[in-house]
Amino acid sequence: MQRIRLRYTKRGRLRFTSHRDFQRAFERALRRAEVPMAYSAGFTPHPKVSYANAAPTGTGSEAEYLEISLTASRDPERLRVLLDESMPAGLDIVEAVEARTSGLADRLTASVWELRLDGVDPAEADRAVAAFNGAGSVEVQRRTKNGVRTFDARPAVVGLGCVETPGAAADRPRDQPCAILRLVVRHVTPAVRPDDVLSGLRAVADLAPPVPAAVTRLAQGLLDEETGTVTDPLAPDREADPAAPAISPGAADSAAAKAPA
């Protein structure tokens, strides 16, 4: 009867939750909030929830998406509040719109990532980024269930650069360097993940952070090849509903981003 699309986050320690952990927590929240869910047919009915391109375990995210199917109409914002109150802090439901267009998954063609490299001097990171961007190919290896796989990570990278984010210096010891990288990557097969790009930086420039990088997805959506912008995938649904409130500035910042120069 109604489809609702949600944007949610993985923040703080909750970035270590797996996608399966999130699924269990979300289904419990649906029951607590008494959402009139549609169920699949068959011997083992389950709630009709479609997840789209979940972030890897261990990475934070401001832009995860899913869609639920309901048997009765509900106000999207009221539903968002009820679900958010039923979720653990850190797994936050931050936006809800009624699905008025098709193909949400088709609009998730790229992601914007922030990679925080504690212990790495920004000048050293700049040199490594320049070497990566200047390389024609960057072969990396990933261990899979079928063994070690080698592939070229360079073509999927739309933009990679060093940036200074607000508050980046305030939340770390002043005597320790820290480089912040902004990465825009296409969703291709095989998927190129932030850790693959870090492996590539190690391969082309011997950049090896002394501690694991803190990785956060800032946005995902449709990539505008001309401008390098990753657009908000919920915008078509919002624009198709004249009664929907305008997106807040904070939500807009998290929903779309531009590739680094």
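Trainee: Which strand holds R142?

Mentor: The model is predicted: local features need pLDDT of at least 70, side-chain atom pairs count only at pLDDT 80 or more, and totals for chains, interfaces and linings use all residues. Residues are numbered from 1 along each chain as its sequence is written, and side-chain values use heavy atoms, with hydrogens and water left out. Strands are DSSP runs (E, at least two residues), numbered from the N terminus. The run at residues 139-144 includes R142 and is strand β6.

Trainee: Is R142 buried or exposed?

Mentor: Buried means under 20% relative accessible area and exposed over 50%, with partly exposed in between (1.4 Å probe, protein chains only). R142 has 15% relative accessibility, so R142 counts as buried.

Trainee: With which side chain does the side chain of R142 make a polar contact?

Mentor: A polar contact is a pair of N or O atoms within 3.5 Å; within protein, one must be able to donate a hydrogen and the other to accept it, and residues adjacent in sequence count only if both atoms are side-chain atoms. Contacts of R142 (heavy atoms within 4.5 Å) beyond four places in sequence include F151, A191 and D196. At 2.3 Å, the polar partner is the side chain of D196.

Trainee: Within what arc do the buried residues of α3 fall?

Mentor: Those residues are A125, A128, V129 and F132. They line one face of the helix because, seen down the axis of α3 (directions from the axis to the C-beta atoms), they fall within an arc of 100 degrees.

Notes
Helix = DSSP H or I, 4+ residues; strand = E, 2+ residues; numbered from the N terminus.
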